[in-house]
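Biologist: I would like to learn how to read a fold from coordinates. Please take me through one model, feature by feature.

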Amino acid sequence: MESGHQIEATNIAYFRRRYDCEHGPRIEQTEFTGGQDDMRASDCIFCKIVAGTSDSQEIYQDETTLAFMDIRPANDGHCLVIPKAHFETVFDMTPAAFAGVGSTVAKVARAVNEVLRPGGVSLIQANGELAGQSVLHVHVHVLPRRTDDNLLINWDRNSNNERRFDRERIAEIAERLRSRLRG
Ligand code: 5GP
Ligand code: ZN
């Protein structure tokens, strides 16, 4: 049975030993350049999945990214796309590195949509505990949606009396962001 901390023999051959968690607990930088190659990575369950020292139900990989089924799916078909290198949050990645993840997300989401024909597909990526991140290795959830699935990613779009809807407030925040993005 697949488990976050259980190492199984199955499916490991494909990745065969890029590193050994117990005897050499650092990811080889030559393998996945640009990651945060420190001790955090050696304890990271997603790094173990990349290395093949922890099992996963892989569905796709390319040179820099990996997609596999979520072990506790919110709905049928819920899967995850990760960079092979260890980055804790999107803020630790270059935009180009994250673009590689985005490209795989687009491929996987299309496959999920065509194979499972859900009502819709949510793409969710959390940075930090407050945002709901529980595994500190960047990942994008590809989450098929079903009618009345009651998954709560909801905010009220319709109420009219909220400070956050104020046009001037939105414009002031937009200007602060614009000026940061102009660099
Ligand atoms: P987060 O809460 O950080 O946005 O999402 C982490 C996701 O990783 C959760 O949906 C959780 O079910 C999944 N997950 C945690 N550990 C494992 C694991 O060992 N294997 C797989 N396949 N998924 C995992
Ligand atoms: Zn990691």
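Biologist: How many bridges pair S4 and S5, and in which sense?

Modeller: Strands of a sheet pair through backbone hydrogen bonds, either parallel or antiparallel. Here S4 and S5 pair in the antiparallel sense, over five bridges. Two strands count as paired if DSSP finds at least two bridges between them. Strands (E, at least two residues) and helices (H or I, at least four) are DSSP runs, numbered from the N terminus. Within this pair, isoleucine 124 stands opposite histidine 141 in S5. This is a predicted model: local features need pLDDT of at least 70, side-chain atom pairs count only at pLDDT 80 or more, and totals for chains, interfaces and linings use all residues. Residues are numbered from 1 along each chain as its sequence is written, while chains are lettered from A and ligands numbered from 1 in the order in which they are written.

Biologist: What is the strand order of the sheet?

Modeller: The open sheet has five strands in the order S1-S2-S3-S5-S4, with antiparallel pairing. S1 and S4 are the edges; each has a single partner strand, so one side of each lacks a neighbour in the sheet. Direction ignored, neighbouring strands are turned by 20° against each other on average.

Biologist: How many residues lie between S1 and S2 in their hairpin?

Modeller: Three residues lie between them. Three bridges join the antiparallel S1 and S2, and glutamine 61 has leucine 66 in S2 as its bridge partner. On to the next pair: S2 and S3 are antiparallel and joined by five bridges. There, threonine 65 stands opposite proline 83 in S3.

Biologist: Which strands does H3 lie across?

Modeller: H3 lies across S1, S2, S3, S4 and S5, and runs at about 160° to S3. Axes are lines fitted to C-alpha atoms, for helices over the stretch in contact, and angles run from 0 to 180 degrees between N-to-C directions. Contact means C-beta atoms, placed from the backbone, within 7 Å.

Biologist: Is histidine 137 buried or exposed?

Modeller: Histidine 137 is buried, because 25 other C-beta atoms lie within 10 Å. Histidine 137 sits in the loop between S4 and S5. Its contacts beyond four places in sequence include Cys44, Cys47 and His86. Its C-alpha atom is 5.4 Å from that of phenylalanine 87, 50 residues apart along the chain.

Biologist: What is the mean pLDDT of the chain?

Modeller: pLDDT is the predictor's confidence in each residue, from 0 to 100. The chain mean is 82, and 78% of residues reach 70 or more. Over residues 1-30 the pLDDT is below 50.

Note on methods. A residue is buried if 20 or more other C-beta atoms lie within 10 Å of its own, exposed if 12 or fewer, and partly exposed in between; C-beta atoms are placed from the backbone. Two residues are in contact if their C-beta atoms, placed from the backbone, lie within 7 Å.
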